[in-house]
Amino acid sequence: MTASAADTNAERAVRRRQQDDRQPGPATFAVTLTVLAALLVVSATAGLAIGSVQVPPGQVWGIVTHALGADWTTPNWSAARETIVLDVRAPRVLLGAVAGAGLAVVGTALQALIRNPLAEPYLLGVSSGASLGAVVVIVFGVTWFGPTSLSVAAFAGALGALLLVYATARTGGRITSARLILSGVAIAAMLTAVLDLLLLTTDRGNEARAVLAWTLGGLGGVNWDTLWLPSAALLLGIGILMVQARNLNLLLAGEEAATTMGLDVARFRARMFVLLSLVTGILVAATGPIGFVGLMLPHIVRLVVGGDHRRVLPTAALGGAVFLIWADIAARVVAAPMEIPVGVLTALCGGPFFLWLMRRDARRNTDRGGA
Amino acid sequence: MTGTELVVDGVTLTAGAHRLVEDVSLTARSGEVIGLVGPNGSGKSSLLRAVYRVLRPATGQIGVDGTDAWSLPARRLARTVAAVVQESGGEFDLTVLEVVAMGRTPHKRLLDGDTPEDADLIRSALAAVDGTDLAHRPFDRLSGGERQRVLIARALAQQPSLLVLDEPTNHLDIRHQLEVLGTLRRLSATVLVALHDLNLAAYYCDRLYVLCDGKVTASGPPADILTPRLLAEVYDVTSEVTIHPRTGAPQVTFLPQTPHLTTPVEADPSSS
């Protein structure tokens, strides 16, 4: 082969690689958001319609618009159906959307803050910490903070677990995936053991059984009165994270580089840890620990809209909401009339995803080492 | 935009009980390109880390235009001082443009969007390192040399009046080494750069500081300080220094220490 032919081949290879590598622009982002928003409406409708009593989508919308005072059909449904849609299913669908969105943004931010693609509240033991906090409140009947005692304790537990995992996994300013996951697993195991011990030795047998079901993660049992706190936590979390999106981006460059671009990394991370623990704690108090949503969504979203947090955060939030609504529909339907905890289903999809991600990262590192 | 004056005054850096850098003083006047050379582990990177505000001096001061760098908030300092560090980033799919755009962050308030001026600055920073073609590629998939150029572009997008670089020519091929250093030379900003290659340092820097075991062994214009004696003392190598007739800069030739290699070897006809 002549030198010039080799050159053109090489050039062609480079050009092909450049085309393959071309990343999505702002148009993709707008389209993605629109599609996801539409999907969210469809999913919510499905969530209200599907169950032991099937309600046709048209009637779902009739009931919802009637309740909002904007009738578009004349009411022709029974009061029982209205109760099922508005008081049983609607809070549940909303909680699913809120929890899915919340877990997805928490996972996104955690991955940037710890600079590790495998970071996720459930895998790091943060959810276990929150569960333990909540269970301590239930078992010992603590009510120092009135009705929000559960959430406050879950927040404290989440923050404690996160700091513990972070401190034990970090050596020489760096956290390797292996160390992070190992300390997450170990600390989650310890916290869960303490939690089980508390539940098994408590005198309140019936409550313990209810709590045990709750620790599997589920959206049942929510009502309109308890929905406001998770919703407020989600709005607060997304709001602050969106404001800090540029700084989250800086962390992708590395800690030293982020410092040279004006970020006080230690202080920023401390504040974000508190925020993420707060959101996780409140969500876990409401739903129990639901795993892998915070792991899967950010990665899928980055494949579509790229890595800039100004795009990843809103997309992950919408995607997480859609995902968890459907996971909950599946939880209600697959073994009807029995209901499966939604956490069991998310783990069922999330486990294989985690393994795939781990293999992909290992491959990438080998590639880079060889280059 | 003029260059910042950097005054490092009696700085000692420690890691636990270990002294990384001891009582080092260094001055870079506005617009100068100052080279930091010395063997591995001599404290070059540590000293740079103190200047870009990652490693806090145990004693001494880092003066940036007369203000102690460590008394300024990180964001304020980042509008004056940019750095290209050795640490590599994470593995999150950002495009080259997005990486370079990060450099604009210290000039932005929290909710500011990217303006057309930002886009221009980002493009021209990328053009300065011959990286225009890389704009839409994912940063993760670049070669080592391409990454290094993009990181320099990111620092340029920060519009610094003092640019600190830790071995920016690592991983670069010769052409890009010359281009990158040429770019630094043309900046109006003051430049403090750690370099391994003494010949490049001699050609591109106004003055050099030679670090050895955490102390400044020599400093001054390259032609004054690069002597066989100094190189023997600092690097423990035998060398010859001549003034290159074309560049006018000192040219260091290292002489192998194994005696039989210093005598010409007979050409072996069977190997050619």
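Me: Why does A:S183 count as buried?
Reply: The model is predicted, and A:S183 has 20 C-beta neighbours inside 10 Å. Buried requires 20 or more. So A:S183 counts as buried.

Me: Where does A:S183 lie, and what does A:S183 touch beyond four places in sequence?
Reply: A:S183 sits in helix α7 of chain A, residues 177-201. Leaving out residues up to four places away, A:S183 touches A:V165, A:T168 and A:A169.

Me: How far apart are A:S183 and A:T260 in sequence and in space?
Reply: They are 77 residues apart in sequence. C-alpha to C-alpha, A:S183 and A:T260 are 30 Å apart.

Me: Which residues of chain A does UniProt mark as "transmembrane region"?
Reply: The unreviewed UniProt entry places that feature at several spans, including 121-144 and 180-202. In the model, residues 121-144 of chain A are 62% helix and 0% strand. Their end C-alpha atoms lie 26 Å apart. Residues 180-202 of chain A are 96% helix and 0% strand. There the end C-alpha atoms lie 33 Å apart.

Me: Why is B:S239 called partly exposed?
Reply: B:S239 has 17 other C-beta atoms within 10 Å. Buried needs 20 or more, and exposed needs 12 or fewer. The count for B:S239 falls in between, so the residue is partly exposed.

Me: What surrounds B:S239 in chain B?
Reply: B:S239 is found in strand β11, residues 238-243. Beyond four places in sequence, B:S239 is in contact with B:P228, B:L231, B:V252, B:T253, B:F254 and B:L255. Take B:V252: it is 13 residues from B:S239 in sequence and 6.7 Å away in space, C-alpha to C-alpha.

Me: How do you know whether the radius of gyration of chain B agrees with that of a compact globule?
Reply: With 272 residues, a compact globule would have a radius of gyration near 19 Å. Chain B has 20 Å, which agrees. The C-alpha trace of chain B spans about 70 × 50 × 35 Å along its principal axes.

Me: What else describes the fold of chain B?
Reply: Chain B has 10 helices and 12 strands. Of its 272 residues, 44% count as buried. Take the contacts in chain B between residues at least 6 apart in sequence: 65% of them join residues at least 24 apart.

Me: How does the reach of helix α4 of chain B compare with the expected value?
Reply: Helix α4 covers residues 116-128, 13 residues in total. From first C-alpha to last, α4 reaches 18 Å, close to the 18 Å expected at 1.5 Å a residue.

Me: What puts the buried residues of α4(B) on the same side?
Reply: The buried residues are B:L121, B:I122, B:A125, B:L126 and B:A128. They cover an arc of only 155° around the axis, so they lie on the same side of α4(B). B:P116 and B:D120 are exposed on the other side.

Me: What do the buried residues of α4(B) pack against, and what follows the helix?
Reply: They pack against α3 (96-101), α5 (144-157) and α6 (174-186) of chain B. B:D130 follows α4(B), with a positive phi near 60°.

Me: What makes up the contact between chain B and chain A?
Reply: The contact takes 32 residues from chain B and 28 residues from chain A. On the chain B side, α2 (74-78) and β6 (81-84) each supply at least two residues. The largest share, three residues, comes from α2(B). The chain B side divides into 14 nonpolar, nine polar and nine charged residues.

Methods
Residues numbered from 1 in each chain as written. Chains lettered and ligands numbered in written order. Predicted model: local features only at pLDDT ≥ 70, side-chain atom pairs only at ≥ 80, totals over all residues. Rg over C-alpha atoms; globule rule 2.2 N^0.38 Å. Contact = placed C-beta atoms within 7 Å. Nonpolar A, V, L, I, M, F, W, Y, C, P; charged D, E, K, R; others polar. Expected span 1.5 Å × (residues − 1). Arc of directions from axis to C-beta. UniProt positions renumbered as here; feature names shortened; annotations may be inferred.
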